[in-house]
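Please keep the structure open beside the text as you read.

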Amino acid sequence: MADYEWTVVGGSGKTKKTPSAKKTVSDAVDLKLKGSVCPSVQPGVLPPGWGAESTSASVGGVLTARAMEGVSSTSSSAGGRRRKNAPKTVEERVGVLVGRVRECMLEVERSSVFQAVKEAMRKVGGEPHTQQEPGMILERVSNGSTSCPWLWEEVEEVVCYGLGSMEDSRVSRYQLAFGLLLVSILPGNAPLLTFDPAFGEVDALLLAHLNVGLIKENEGCARRAVLKTLFYLPHLEGQLCNNLLLANTEAGLLSNVAIIGNKLSTYKERWSLPSKAVDPKCPRHMLELIEAGHVLEVGVPDGGFHELSAFNDMAMHVFSA
């Protein structure tokens, strides 16, 4: 499977990114984002659903709980039979999802993968809560000598791309739970913001209920980190991750970026053949950063988490200028 497709395990994983046929949300924006889209980035070939056709005219918008007021609380039947006692209204469906996400949070918080990510955070920049001196980076993707300390107390935003639909996917619910827990262990009050073209009305209302900001514009992941930002990118397509890195390199903001997501060293292995260099989906800038020694990576083993495609191949990354 290509790296720009979702992994599906036993029918419970994420589906391929396709423009959603669900009812979408287009309410007014009531919170100004501190990050911004880098206009000079040319994203080239994007995965289905991430192109300009799904981009809002509002720049840097985010939907929050207050912006969700007035959204229709009922939805028409999609046809076919419903399961007995299945939730029928939007409120009922959101209520069920809230309970499921909270159950996922309890599972993830007790898991070895969450302990592993806290250890990776400590190695990059000290304990998130106590803020010790920067620790030793264990793994470097490529040779280089530049140190890259990271101070968790300086993080002002947490941005997540690529969750998929929480209503449709159990994997997506575990990953949202992981993102909520990440925010909870950071010092300060960094908000969690997210975008995915697969989000439907119920997903948006769920996020509002959980106080997660819904980014209104499809940025193509070319978001400039004008403040220290932790990006959580669960199984994000290579070219989208490339857009993020290119936007911040061009703006001189790469030192403001930390990424928890698929190992960049894995992308390097996938694109190492010379024949792949001409592929329009090749994450060229990412590979250049790796070769130049600007990427520092600490692996986050999933500890055999029972939902196989939720947290596999994950690592913490920080970058030197």
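At 19% relative accessibility, R93 counts as buried, where buried means under 20% relative accessible area, exposed means over 50% and partly exposed lies in between (1.4 Å probe, protein chains only). Before going further, please note that this is a predicted model, in which local features need pLDDT of at least 70 and side-chain atom pairs count only at pLDDT 80 or more, while totals for chains, interfaces and linings use all residues. Residues are numbered from 1 along each chain as its sequence is written, and side-chain values use heavy atoms, with hydrogens and water left out.

**Salt bridges**

Eight salt bridges turn up in a search of the whole structure; the term stands for a side-chain nitrogen of Lys or Arg within 4 Å of a carboxyl oxygen of Asp or Glu.

| Pair | N to O distance |
|---|---|
| R93 and E167 | 2.8 Å |
| R170 and E307 | 2.7 Å |
| E219 and R223 | 2.6 Å |

Take R93 and E167, which meet through their side chains. Helices (H or I, at least four residues) and strands (E, at least two) are DSSP runs, numbered from the N terminus. E167 is partly exposed, its relative accessible area being 23%.

R170 pairs with E307, and this link also joins distant parts of the chain: R170 sits in helix α3 and E307 in the loop between β10 (295-300) and β11 (314-319), 137 residues apart. R170 is partly exposed at 36% relative accessible area, whereas E307 is buried at 6%. In the pair E219 and R223, both residues are buried.

**Nonpolar cores**

In soluble globular proteins, nonpolar side chains tend to be buried together. A nonpolar core here is a set of buried Ala, Val, Leu, Ile, Met, Phe, Trp, Tyr and Cys residues joined through side-chain atoms within 4.5 Å. The largest one has 55 residues, and those with the most contacts inside it are V108, L176, F178, L230, I260 and F311. Its largest share, nine residues, is supplied by α3. Leaving aside neighbours within four places in sequence, F178 is in contact (heavy atoms within 4.5 Å) with V108, F114, V117, Y232, I260, F311 and M314. A second, separate core holds 25 residues, among them F195, I215, C221 and L236.

**Cavities**

How many cavities of 30 Å³ or more does a search of the whole structure find? There are three. A cavity is a set of points, on a 1 Å grid over the protein atoms alone, where a 1.4 Å probe fits but cannot get out, and lining residues have an atom within 4 Å of a point. Points are joined across faces, edges and corners, and a volume is the space filled by probe spheres set on them.

The largest cavity contains about 40 Å³ of space. Its lining includes Y232, G261, F311 and M314, and β8 (229-233) and β9 (257-262) each supply at least two of the lining residues.

**A contact across the sequence**

S112 lies in helix α2 (residues 112-125) and is partly exposed, at 40% relative accessible area. Not counting residues up to four places away in sequence, S112 touches D302 and G303. S112 and D302 are 190 residues apart in sequence, yet 6.9 Å apart in space, C-alpha to C-alpha.

Technical notes. 1 Å grid on protein atoms, 1.4 Å probe; cavity = no way out; pocket = protein on both sides within 12 Å on 5 of 7 lines; lining within 4 Å.
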